[in-house]
Amino acid sequence: MRRVARFNAIVELVRPRTLLVTPLSYCVGVSVADHGFDLVVVLGIVFHVLAPLAANAHNAVTDLVEDGKNVPGRLKLVETAGEQLLQRIVYASLGLMLVLSLMMSLAQSIIWVFSVFLVLGYSSPRFRLKGRPVTGMAVFAMAVTEPFIAGALLGDSWWEIPQYDSYQPVALGAFLFFWYFAKGIMKNVPDYAGDKAAGLRTIPALMSSQRSAAWAAAIATTLVYAAFPVLVLVTGLPDRLAYVGLMTLPAVANMISMVRARTQLEYNLVGQRDMYVSVVFLGLLLFAWRPSVGSALIGLLALAVMVWTDVSGRDSRASRHLDRTESEVSIPVGGGPNGDQ
């Protein structure tokens, strides 16, 4: 029974519903490179599932202070899973990613070094990049930008990288960066109180109130989604990509809910819905660039994983974990971000 409880806690802490945008963005990059779906692509997908998995496990151990305020139930999950086991998962994942990258290509092997820095640097007590307003959001945005670059650099041999005769891949990569930068602002709005208490200088935490932060996130999100059809028009991207811009409608509707939210539960639900919008956006982008049964199946599989995690409650940010009475676990001395302050 204890092993089952530990396994369930680990699953919730690595957050399967958040592991999807990274491999989807990688698949978009692979399509831009016009690389066929082969074993190397499968290895790349696994690589880009392990990267956010390792990041989530690492964050669970390092973010104890703010989580005690934002998602109190997560502390109980960390206690059940065990900090040492979570740390072993982090380093085992990074080690497996290295093996996969060496099997894939030289470019991916170089990117592995950068991935390690992103996974460990974002919330580690030494660097604590998440606590820096612009740098933290930029690192967060690399969660979709790096896999897109990795996919776009996938060649036909270990040494080779594709040659492009236009700047379209660069334009799309830049858009994905700013798109997820805006998402980073949004996803920190529900954590306003806890981040402020922990001394984190995220963009929302610098605002005078959570409502002001919600407005900033809503404006940034609306602008970046509305910019996508314009990007298609001015850069000469395939016209069929323009319909992906229809995701502006659910994105804006969700942001309206954010500026109207008043409770932690309402803010949390906005964040949950936003991940659906992000996954569908990337799924449609993949299908628009490479219309095929395979592209459709990848998008549908990602959506199915999200539905499964939400129906089964396999997420450490599920609404029940917002209840402070669920967590009565003490935070270890020196644990979390205050350990280096």
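Author: Quick definition before we start: a patch here is made of residues with over 30% relative accessible area and no salt bridge, with nonpolar side chains joined within 5 Å. Also, bear in mind that this is a predicted model.

Reader: Which residues form a nonpolar patch on the surface?

Author: Together, the patch members have about 370 Å² of accessible area. One of them, valine 42, sits in helix α3, residues 39–62. The patch is formed by Phe37, Leu39, Val42 and Val46.

Reader: Is valine 42 buried, partly exposed or exposed?

Author: Buried would need under 20% relative accessible area, and exposed would need over 50%. Valine 42 comes out at 33%, so the label is partly exposed.

Reader: Over in α12, is asparagine 254 buried or exposed?

Author: Asparagine 254 belongs to helix α12, residues 248–260. The cut-off for buried is under 20% relative accessible area. Asparagine 254 has 5%, so this residue counts as buried.

Reader: And which side chain does the side chain of asparagine 254 make a polar contact with?

Author: Set aside the neighbours within four places in sequence, and asparagine 254 is in contact with Val270, Arg273 and Asp274. The polar contact, side chain to side chain at 2.9 Å, is with arginine 273.

Note on methods
Residues numbered from 1 in each chain as written. Predicted model: local features only at pLDDT ≥ 70, side-chain atom pairs only at ≥ 80, totals over all residues. Heavy atoms only, no water. Patch = residues over 30% accessible without salt bridge, like charges linked within 9 Å, V, L, I, M, F, W, Y side chains within 5 Å. Areas by Shrake-Rupley, 256 points an atom, 1.4 Å probe, with all protein chains shown as cover. Salt bridge = Lys/Arg side-chain N within 4 Å of Asp/Glu carboxyl O. Helix = DSSP H or I, 4+ residues; strand = E, 2+ residues; numbered from the N terminus. Buried < 20%, exposed > 50% of the residue type's maximum accessible area, 1.4 Å probe, protein only. Polar contact = N/O pair within 3.5 Å; in protein donor to acceptor, adjacent residues only side chain to side chain. Contact = heavy atoms within 4.5 Å.
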